[in-house]
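Let's take a walk through this model, one region at a time. Have the sequence and the 3D view open as you read.

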Amino acid sequence: MNIEYANIDYTVESTLINKNELEHSKLRDKESSKDIKVVTAPAQISAVPPWSLAAEIGLEPGDKIIAINGNKLRDIMDFEFQFRQNDELEILIKKPDESEIIIELEKDPDDVLGVEFHTPLFNGVQECANKCPFCFIENQPYEQTRESLHLRDDDFRLSYLHGSYVTLTNLSFSDRKRIEELRPGPLYVSVHATDPEVRNKMLGRKKSPAIIDELKWLDSLGIPVHTQVVLCPEMNDGQHLLQTIKELYALKNSPVLSLAVVPVGLTKFHRGGLRRFSTDEAFVVVDMVQKWEAENPKHANFVFLSDEWFLMTHSPIPEQNYYGEYPQLEDGVGMTRLFLNEVEAELRSLEIGNREKGIGKKVSWINGSMSKPIVDQVSSKINQALTGIELKPICLDSLFWGTTNVSGLLTGNDIYSALRYVPKAMLGDLIIIPSVMLKDGTEIFLDDMSLQELETKLGLPCKKAWGARELIEVVTS
Ligand code: SF4
């Protein structure tokens with residue numbers, strides 16, 4: 001490997017892909033008086049491990065990689081492509097003091113630079129160009145929720161990198177060329193309905209490319225796809241859903257790997273004129289999907305009803321074989337089964353000594369009221385297995401969102417309002433907050449209250465826990 005350094009006196013402009021869509025979004029958002037921001041973040045390095053090639057050539061956190069061999073970098077996919085493609089590289093770096101240098105590097109084909117970036121998208125997130133009547137982001141009080149909840153991303157790169165669902169309605173010509181070149185997969189595509197008219201209605205669009213043609217195009221590129229339907233009463237349910245299932249099943253494995261069916265979730269801020277499914281209607285949906293599955297053994301493990309359907313209808317949570325390899329976990333499909341199984345496994349593997357670790361402890365465990373039957377079941381198992389511990393489930397509705405009762409949407413103020421007058425002796429020594437209520441990797445609730453603030457307000461320690469292992473660890477610690 002040879003390294004050479006040279007000074008450089010030119011700059012590379014940052015670019016925003018799909019400017020038309022951005023303008024379109026801005027215009028539309030002016031109408032709904034919402035301020036959409038597109039974040040631009042050059043390829044700024046956040047970490048350089050000491051063992052890495054990046055450390056060897058003198059890169060440091062805060063440096064920005066502007067271009068490789070003269071090619072500007074739009075995202076981490078460009079970076080990886082450019083780095084891997086050539087063995088002789090000219091890397092244009094901007095230092096934190098704005099000076100620029102070029103590093104000339106000869107590398108082996110398998111070398112990796114080993115840096116981490118602040119964000120995988122260097123030129124900003126591509127926003128959505130739809131106006132779905134059920135959009136959660138569009139229907140929220142912006143001044144009361146954190147900024148990261150305001151961005152309507154619809155970016156195929158995030159679909160590939162993080163499993164976010166995209167609609168494919170905003171692909172520019174250059175996006176399509178990139179997809180053909182990079183073939184990123186699997187992608188996660190919101191179908192909602194295969195009937196073009198129904199799909200357009202679901203997306204709030206006058207027209208969009210036929211989704212079946214789009215899926216066939218992805219198939220021609222060898223890109224596998226997971227799909228989802230957000231089901232709304234009297235829009236895409238009933239025969240429309242059956243048609244969607246059948247038409248997607250006809251593309252099974254080429255390219256459609258799975259289909260998640262998720263009920264629409266609406267809050268009191270909803271302005272799109274929709275309603276939620278009643279319990280009776282939810283039964284009809286579950287019954288219809290299960291009948292289609294029972295028609296043919298080959299139908300198994302293709303359509304996945306999300307956990308809400310079983311919770312809404314108080315039906316037993318399906319066993320593990322229903323979920324196969326849990327391909328739609330990120331979409332709330334199978335989380336409950338996985339959690340129940342993990343609790344069993346964790347309790348089985350607990351050493352005798354650890355079963356008595358939290359003796360005499362009383363702990364409150366907060367959840368949304370929709371999960372009450374599951375949370376009650378798990379608490380009773382834990383209470384039976386751990387000597388002298390009292391794990392007390394507290395299941396709450398969200399006052400903030402009004403009509404929703406899922407754990408992930410409970411805010412700090414919801415919890416504070418519900419518990420502020422409850423005697424401390426009843427709440428116990430500790431309050432456990434599921435991590436799903438907090439922003440990824442932080443201790444901040446949806447309404448920007450921090451865990452620490454809640455702790456101070458309630459005068460009791462609050463600890464977050466992700467999954468069964470952490471729950472039991474926190475209870476016994
Ligand atoms: S595609 Fe998603 S973000 Fe865009 S309007 Fe529809 S629901 Fe909202």
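## Around the ligand

A quick word on terms: a residue is taken to be near a molecule if its C-beta atom, placed from the backbone, lies within 6 Å of that molecule. Bear in mind too that this is a predicted model.

So who sits around the ligand? The shell consists of Cys-128, Asn-130, Lys-131, Cys-132, Cys-135, Ile-137, Glu-138, Arg-152, Asp-154 and Thr-167.

## The chain as a whole

Stepping back, the protein chain has 477 residues, and 35% of them count as buried. Its secondary structure runs to 18 helices and 15 strands. If you take the contacts with a separation of 6 or more, 71% are between residues 24 or more positions apart.

Strand S5 (residues 88-94) has antiparallel partners to look at. One is strand S3 (residues 64-68), joined to S5 by 4 bridges; here Lys-64 has Lys-94 in S5 as its bridge partner.

Another is strand S6 (residues 100-106), which pairs with S5 over 7 bridges, again antiparallel. Pick out Leu-89 and you'll find its bridge partner in S6 is Leu-105. The S5 and S6 hairpin has 5 residues between its strands, and Glu-98 there takes a positive phi near 75°.

## A parallel sheet with a helix on it

Next comes an open sheet of 4 strands, paired in parallel and ordered S8-S9-S10-S11. Strand S8 (187-190) and strand S11 (303-305) are the edges, each pairing on one side only. From one strand to the next, the twist averages 25°.

Inside the sheet, strand S9 (residues 225-231) runs parallel to S10, and 7 bridges join the two. His-226, for instance, has Ser-258 in S10 as its bridge partner. Helix H8 (residues 239-249) packs on this sheet and touches S9, S10 and S11, with its direction at about 180° to that of S9.

The largest nonpolar core has 46 residues, and the members that touch the most others are Leu-187, Val-189, Val-225, Leu-231, Leu-259 and Val-261. Strand S10 (residues 256-263) is the top contributor, giving 6 residues. Which residues does Val-225 contact, once neighbours within four places in sequence are left aside? They are Pro-186, Leu-187, Val-189, Leu-215, Leu-218, Pro-255, Val-256 and Leu-257.

There is also a second, separate core of 34 residues, with Val-378, Ile-382, Ile-433 and Phe-445 among its members.

## Helix H15 and its packing

Helix H15 (residues 412-419) has Gly-412, Asn-413, Asp-414, Ile-415 and Leu-419 as its buried residues. What do the buried residues of H15 pack against? Their partners are strand S12 (362-368), strand S13 (390-396), helix H16 (424-427) and helix H17 (451-458).

## A look at Ser-450

Ser-450 is found in the loop between strand S14 (430-434) and H17. Why does Ser-450 count as partly exposed? Because it has 16 C-beta neighbours inside 10 Å, whereas a buried residue needs 20 or more and an exposed one has 12 or fewer.

Not counting residues up to four places away in sequence, Ser-450 touches Glu-443 and Ile-444. As for Lys-439, it is 11 residues from Ser-450 in sequence, with a C-alpha to C-alpha separation of 9.9 Å in space.

Notes: Residues numbered from 1 in each chain as written. Predicted model: local features only at pLDDT ≥ 70, side-chain atom pairs only at ≥ 80, totals over all residues. Core = buried A, V, L, I, M, F, W, Y, C linked by C-beta atoms within 7 Å. Contact = placed C-beta atoms within 7 Å. Pairing = 2+ DSSP bridges. Axes fitted to C-alpha atoms, helices over the stretch in contact; angles between N-to-C directions.
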